[in-house]
Amino acid sequence: MNIAQAITDRVEIEALRAEFTDAGLMHDDERFASLFSPDGVWRMPHVPLEFVGRKNIRAGVEHGQSLWQFFIQTIHPGVILLDGVAASGRCYVAEFGRLRDDSSHANHGIYHDRYARTPEGWKFAERIYEVRYFDTTPLTGAPPNPIRA
């Protein structure tokens with residue numbers, strides 16, 4: 001693989017990872033699901049939940065969104081290992097929020113990813129969320145009136 005293609009692939013994969021968080025925070029469930037390959041898998045073993053295929057991923061994120069009063073997630077760049085039409089990588093996550101049952105959650109974790117180059121561009125073939133730190137200390141703050149784009 002030439003250097004220009006490797007740089008392009010890395011930029012596109014970073015954009016995919018950022019768009020995952022953006023689609024989730026903007027409640028754009030259709031866009032969220034479209035970030036996965038048609039047979040893509042999203043796993044959260046700590047819950048435990050697994051969604052296979054875009055239809056199930058969309059239903060899963062839609063249901064998950066309904067459980068939260070508010071939820072914030074930030075991602076931090078990690079490694080990307082390129083292998084032609086496939087790639088793997090990790091990125092690091094910090095998130096917090098309050099569920100509708102008034103329980104608070106703050107955690108830090110790692111997304112372990114497999115990516116596939118598709119005719120639509122890079123997509124998640126598999127995304128596994130590993131929680132490394134979990135805190136249920138009540139959050140004392142609250143979101144101001146949200147601005148919707």
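Leaving aside neighbours within four places in sequence, which residues is Ser104 in contact with? In this predicted model, they are Gly97, Arg98, Asp135, Thr136, Thr137, Pro138 and Leu139. Ser104 lies in strand S6, which covers residues 104–118. Its relative accessibility is 4%, so Ser104 counts as buried, the cut-off being under 20%.

Asn2 sits in the segment before helix H1 (3–25). Asn2 counts as partly exposed because its relative accessibility is 48%. The side chain of Asn2 reaches the backbone nitrogen of Ala4 at 3.1 Å. Asn2 can also be placed relative to Gly84: the two are 82 residues apart in sequence, while their C-alpha atoms are 11 Å apart in space.

Helix H3 spans residues 54–66, 13 residues in total. From its first C-alpha to its last, H3 reaches 18 Å, close to the 18 Å expected at 1.5 Å a residue. Its buried residues are Ile57, Gly60, Val61 and Gln65. Seen down the axis of H3, these buried residues fall within an arc of 130°, so they line one face of the helix. On the face of H3 turned away from the buried side are the exposed residues Lys55 and His63.

Conventions
Residues are numbered from 1 along each chain as its sequence is written. This is a predicted model: local features need pLDDT of at least 70, side-chain atom pairs count only at pLDDT 80 or more; totals for chains, interfaces and linings use all residues. Side-chain values use heavy atoms; hydrogens and water are left out. Helices (H or I, at least four residues) and strands (E, at least two) are DSSP runs, numbered from the N terminus. Buried means under 20% relative accessible area, exposed over 50%, partly exposed in between (1.4 Å probe, protein chains only). A polar contact is a pair of N or O atoms within 3.5 Å; within protein, one must be able to donate a hydrogen and the other to accept it, and residues adjacent in sequence count only if both atoms are side-chain atoms. Contact means heavy atoms within 4.5 Å. The expected span of a helix is 1.5 Å times one less than its number of residues. The arc is that of the directions from the helix axis to the C-beta atoms.
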